[in-house]
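Please keep the structure in view while you read.

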Amino acid sequence: MTLGGQDSLAELAAFHGIQTTYTDVDGVGRQADPVVIFALLQALGVPLEQPEDAADLLRDQEIGALRRQLEPVVVHRMGRGEPISATLPDGTEPGSVWLALELEDGTTSRCQLAAAITGFTTDEGAGGNRCARVQFDLDAVAPEPVPPGYHRLTLEGAGFSDSALVLAAPSCPDGSKEWAAFLPLHALRTEQESGIGTYSDLGRLGDWVSSLGGGLVGTLPLYPSFPGPPIDPSPYLPMSRLAYNELFIDPFVLPEYETALETGTPVPVDQPSGPFAAPPAVDYEGVARLRRQQLEPLARAVCSGALPDRRRRFEEFATAHPELVAYAEFRAGRESTTRAGNPEPSAVGYHLYTQWVASEQLAAAGHHAKQYADLPVGSHPRGFDPVWSPESFVPGVQGGSPPDRFFAGGQSWGFRPLHPERIREDGYGFFSAALRRAFQHADCLRIDHVMGLQRMYMIPDGHDATDGAYVAYRAEELHALVALEAYRADAVVVGEDLGTVPAGVRRRMARDHMLRTWVFQFESTPEVPLPRPASNFLASLGTHDLPRFGAFLWGEDIDEREGNGALSSDQAREERSTRARWRRRLFDALGLPADLAPRLVTAQAQREILRYLGRSDAKIVLVDLEELWDERRAQNHPGTESVGNWRRRARRTLEDFSSDPDINLMLSELTTVRAS
C-alpha cells in the first residue's frame, strides 16, 4: 500500500488527527507508512474497511461534523479574551438563538447569542451544506466573569439544541524560587530497614531537607506497581494512575497496629536490620508478601468495627473515592472469586484499606515538606485503568517515541494511549480524575512527556517502534485541564519537554506558566560549558534515565554503550574525544586545577555547578541526593531489561547522609545562593 494516488486516505487521517509526516529531533522530515496509517484509523474506531472507501467516508464524516453546533468541549482561559466558536444552520439569525451557562455550583445565566457575538461568517461546508460560523464572548453570558471550573454551556435555536463542557481555567500557579531534593522512595534506606522506603521515611527526609532551607522533596511516581506475576516495578507503567502504592505503607505507625499489639494479634515485623543489612536491590515480591502479612490483620481490625472512629473514616474515604472501590474490586478479582464470580469481600476490604492508609500516610509526609510529584504518561495495559474506563483508551496500539539519536529503533513504552476523541465525548472523565489524584499530594507536579498533551506517537500492535505515527490531541483542552487542576491544588507544574518537541508545545507551556525542563548534560557543550538556565526552567544535572554525573564526566557511559553494542569502536573513540574536550573546557570554566585526583575533581565540579545553577534564574534547582556521594549506578537504563532497573537501593542511609557535614554544607550553600 502506498499513499501515491491515495490523497483521500491522507485527508481522512488528518481529519482524525493522524499526522502522516513529522519532523524528528534532528530536523529531518519523516513520513508514516500508509499501512500504519490504515491500522491507526481502524484502531481509532474509524469504520474504514479498505483505503478505497476513504473519500466517501470522509465526506460523510465532514457532513456529520457540520450538524454539531458546539464541540463537546470548549475552553475559556481567564483573562485571554479568546472567543468560543459555534456552528449554526444556514439562515439562522443569531437573535433567535439563546445561550445558557450553568456554572459548577448550579448557578445559571442566559442571554441571546446576538448579545455575546464577536464574529460571524458563512461557509460552504462538505457536500454543499452552507452554515454560519459564529464566535462569542462567554463572559457576556453571565453577569460576572466566568469563574474557574467545569461548567456546562447550552446553545438553543429553532429545531436544534447542543451543549458542551466548559473548561474555564486560569494559568498555572507561579511558585517561588527554591531548590528540591530528589531520591526514589524505593531506594531510600534508614537504619530501621524494611527492604524498601516508606511514606514515613519520606516525611523524615522532608524534615531534613526543610531544616536546610530546601523547598521540595521529590521522588519517582508513587503509583501501584503492576503485581504480576512477575511484578513490574516501573513507576512509569503503573497498575493505575488513580491509585496508591501499598508497598510504601509503614504499618507500625497506624493506630490499628497498637490495637493489634494489645489484643495479641500477630503482625510480622520487618526483617532484622542495620546499616549493612539492606539488600542492594528491592525484592518487590518479598516486600509485597511481607506487607500483605502485616496489613491484613490491621485491615480486618478496621473492617470489623473494632475501632469505630477508624471504621467511620474508612467508610467516608470509600464514599468519596468510588474509583478506588472499583480498583480494590479489580485487585481482589485478580486473586480469587466467589462461586458467583465476584471478588472475595475480605480481599476487596483489604485492598481498599491499603488505598486509604497509603493516602493518609502520603498526605502526612506532605506536612513535613512540600512534595514534588511525578505523573507518568501512561499505565499498564493489563492494569486497572483500561478496565475502569475502556472507552478512554485506544485498543491495539502502544504509545512510544520515534527513532532519535539515543534510540535508533525508537521506543515502545507499553501503555495504551488515550483516545483523542472519546476522552472529549466523556468530558475527560478519566484524565481529570488522574490529574486530581496527582495534584492531591503535590505542591509541584512534573508531567512526564508533556508533548503528550498535544500529540502521541502511536505504534500498532505487531509493528516495531520505527513503524508509528503521531496522533493529535486537542492541546488547548488538555492544557486547560492541567491548569485548572493545578490552580485548585495551588501547585506548580513542570513539563518534561525533552526529545522530539513539536511546534507549539513550548509556546503553550509559556502561556500557561508551566516550567520547562533544563538538564545540564544536554545543555553543556565544549563551546558553552556553563550555560545558564532561564527563570522558566526546573534545572538539574541529569535525570533518572541518564548516566550519573560522575559517570558522564569521565565517559563511563560511553564504555557501557560500546560494551553493549550500541556504539561501534570508531563511534566510541569519537565520543571519548569530544567528551574529553568538553571536560577540559568545563574544568577551565569552573576554575578547577587540572592536577586534582579524579574523585576530588568530580566532587568539586559537581559542587561548583550546583552553586552556579543555584545563582541562576531557574525557578527550581533539583538535586539528586545520590549524586552528592558520587553514585555511579543509574536508577534506570532505558530500552533495556536490566534487572537493576527501578530496584537499586541507595548506598547510604538517611541517618548517614543527613549527618554528613559536607552534604549539609553544600545544601546550605545552595539555600544561600538561591536566596541571594
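For the residue classes used below, Ala, Val, Leu, Ile, Met, Phe, Trp, Tyr, Cys and Pro count as nonpolar, Asp, Glu, Lys and Arg count as charged, and the others, Gly among them, count as polar. The model is predicted, and local features need pLDDT of at least 70, side-chain atom pairs count only at pLDDT 80 or more, while totals for chains, interfaces and linings use all residues. Residues are numbered from 1 along each chain as its sequence is written, and side-chain values use heavy atoms, with hydrogens and water left out.

**Pocket and cavities**

The search for spaces runs on a 1 Å grid over the protein atoms alone: a cavity is a set of points where a 1.4 Å probe fits but cannot get out, a pocket is an open set with protein on both sides within 12 Å along at least five of seven lines, and lining residues have an atom within 4 Å of a point. Grid points are joined across faces, edges and corners, and a volume is the space filled by probe spheres set on the points. Helices (H or I, at least four residues) and strands (E, at least two) are DSSP runs, numbered from the N terminus.

The second largest pocket has 45 lining residues, and those nearest its centre are Arg-68, Glu-71, Glu-421, Arg-424 and Arg-474. Among the elements that give two or more residues to this lining are helix 1 (7-15), helix 3 (54-66), strand 5 (84-89) and strand 9 (130-136).

Five cavities of 30 Å³ or more are found in the structure. In the largest cavity, which is lined by 29 residues, Ser-540, Gly-542, Thr-543, His-544 and Leu-622 lie closest to the centre. Strand 23 (620-624) is one of the elements that give two or more residues to this lining, and with three residues strand 23 gives the most. For the second largest cavity, lined by 20 residues, the closest to the centre are Arg-241, Val-377, Leu-418, Phe-431 and Gly-452.

| Space | Volume | Lining residues by class |
|---|---|---|
| Second largest pocket | about 1200 Å³ | 17 nonpolar, 11 polar, 17 charged |
| Largest cavity | about 360 Å³ | 15 nonpolar, eight polar, six charged |
| Second largest cavity | about 200 Å³ | 14 nonpolar, three polar, three charged |

Gly-542, listed above at the largest cavity, lies in the loop between strand 22 and helix 17 (549-553). Contact means heavy atoms within 4.5 Å, and, leaving aside neighbours within four places in sequence, Gly-542 is in contact with Val-519 and Gln-521. From C-alpha to C-alpha, Gly-542 and Phe-552 are 9.6 Å apart in space, and they are 10 residues apart in sequence.

Two strands pair if DSSP finds at least two bridges between them. Five strands, in the order 1-19-18-15-16, form an open sheet with antiparallel pairing, and its edge strands are strand 1 and strand 16 (411-412), each of which pairs on one side only. Strand 1 (residues 18-19) is joined to strand 19 (residues 469-472) over two bridges, and Ile-18 has Val-471 as its bridge partner in strand 19. Strand 18 (residues 455-460) pairs with strand 19 over four bridges, and there Tyr-457 has Tyr-470 as its bridge partner.

**Helices and a buried histidine**

The expected span of a helix is 1.5 Å times one less than its number of residues. Helix 3, with 13 residues, reaches 18 Å from its first C-alpha to its last, close to the 18 Å expected. Helix 22 (residues 661-675) has 15 residues and should span 21 Å, which agrees with its end C-alpha atoms being 21 Å apart.

A residue is buried under 20% relative accessible area, exposed over 50%, and partly exposed in between (1.4 Å probe, protein chains only). The buried residues of helix 3 are Ala-54, Leu-57, Leu-58, Gln-61, Ile-63 and Leu-66, and their cover includes helix 1, strand 5 and strand 9. In helix 22 the buried residues include Ile-663, Asn-664, Met-666 and Arg-674, and the buried residues of this helix pack against elements including helix 20 and strand 23.

Not counting residues up to four places away in sequence, His-351 touches Arg-292, Ala-328, Arg-331, Ala-332 and Glu-335.
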